[in-house]
Amino acid sequence: MGFTLRPDELGTVAGIPVTNTLLSCWLATVLIVGFALIARALAAYGHPGMVTAVAVPIEAFWRFVTGLVDPAFATPLFTIAGSAVLFILANAWIASLPFYGPFYVTSATGDTVPLLRGAGSDINMSLALALTGGIAVQVLGFYRLRLAYIDRFFRVHLLLKGRLIAGLADFLAGIFELFLETTRVLSFTFRLFGSLTAGEVLILAISFIAPLAVVVPFY
C-alpha cells in the first residue's frame with residue numbers, strides 16, 4: 001500500500017461524498033461516545049478503577065485550563081479543547097490498529113483502496129478543527145467583552161480624537177492583530193496535518209525496511 005495525500009472516496013450518502021478518512025472520523029466518534037457511556041454507567045455503580053481512570057486525566061486537564069485562563073472562560077474552553085484533544089487522540093490511536101490497512105474495497109472511481117485511513121492524514125479534518133477552534137475563540141471573546149472585543153481589531157479611538165500619527169499606528173496594529181487571528185487558523189491546520197501525516201508516513205516506511213519489533217516503539 002502506498003501513501004497519498006488525497007483521501008479515497010468510497011461512495012456517497014445523501015449526495016455527500018464519504019471518504020475512508022471520514023469513515024475513520026465516524027468510527028472515532030462512535031468509540032469516544034461509547035467509552036463515555038460505558039464509563040458513566042460503571043462510575044454510577046461505583047466501579048473504583050473506572051472512576052479513577054476517567055477522573056484523573058479530566059481533573060488534570062481541568063487544572064491545566066484553569067491555570068491558563070480566567071475562570072469565566074474555563075468551562076467553555078475546557079469543553080471545546082477537551083473534545084478536540086479526545087477526537088485527535090482517538091483518530092491517531094485507532095489509525096495504528098492492525099485493521100487500518102489489510103481491508104480493501106472498491107472506491108467510487110473503481111480503484112482498490114483501504115476501507116479505513118487515519119483521519120489525521122486528511123487536511124480537511126485539520127482545517128475543520130482549526131476553524132472550529134478559531135470561531136469558538138472569537139465567539140467567546142465577543143461574549144465576554146461585547147463590543148470592546150471588536151476594538152481589539154478596529155482601533156479608531158485615537159483617530160477620532162484627532163491624534164493622526166498615533167491613531168494610524170494603533171489602527172494598523174489592530175489590523176495586524178486581525179491578520180494574526182487568520183494565520184493562527186492556517187498555522188494550526190498545517191501543523192496538525194503535518195504531525196499526524198508524518199507519523200503515518202514514518203510507520204509506513206519503517207514497516208517496509210524493519211521487522212515488527214523495530215516498528216512497535218514508533219507506534
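Q: What makes a residue of this chain count as buried, and what share does?
A: Buried means under 20% relative accessible area, exposed over 50%, and partly exposed in between, with a 1.4 Å probe and protein chains only. By that cut-off, 24% of the 219 residues of the chain are buried. This is a predicted model, where local features need pLDDT of at least 70, side-chain atom pairs count only at pLDDT 80 or more, and totals for chains, interfaces and linings use all residues. Residues are numbered from 1 along each chain as its sequence is written, and side-chain values use heavy atoms, leaving out hydrogens and water.

Q: Why is the group of Cys25, Phe87, Ile88, Ala119, Met125, Leu129 and Leu192 called a nonpolar core?
A: The term needs buried Ala, Val, Leu, Ile, Met, Phe, Trp, Tyr or Cys residues joined through side-chain atoms within 4.5 Å. These seven residues make up the largest such core. Two or more of its residues come from each of α3 (71-94) and α4 (123-145); helices here are DSSP runs (H or I, at least four residues), numbered from the N terminus.

Q: What does Leu192 touch?
A: Contact means heavy atoms within 4.5 Å. Not counting residues up to four places away in sequence, Leu192 touches Ile88, Ser126 and Leu129.
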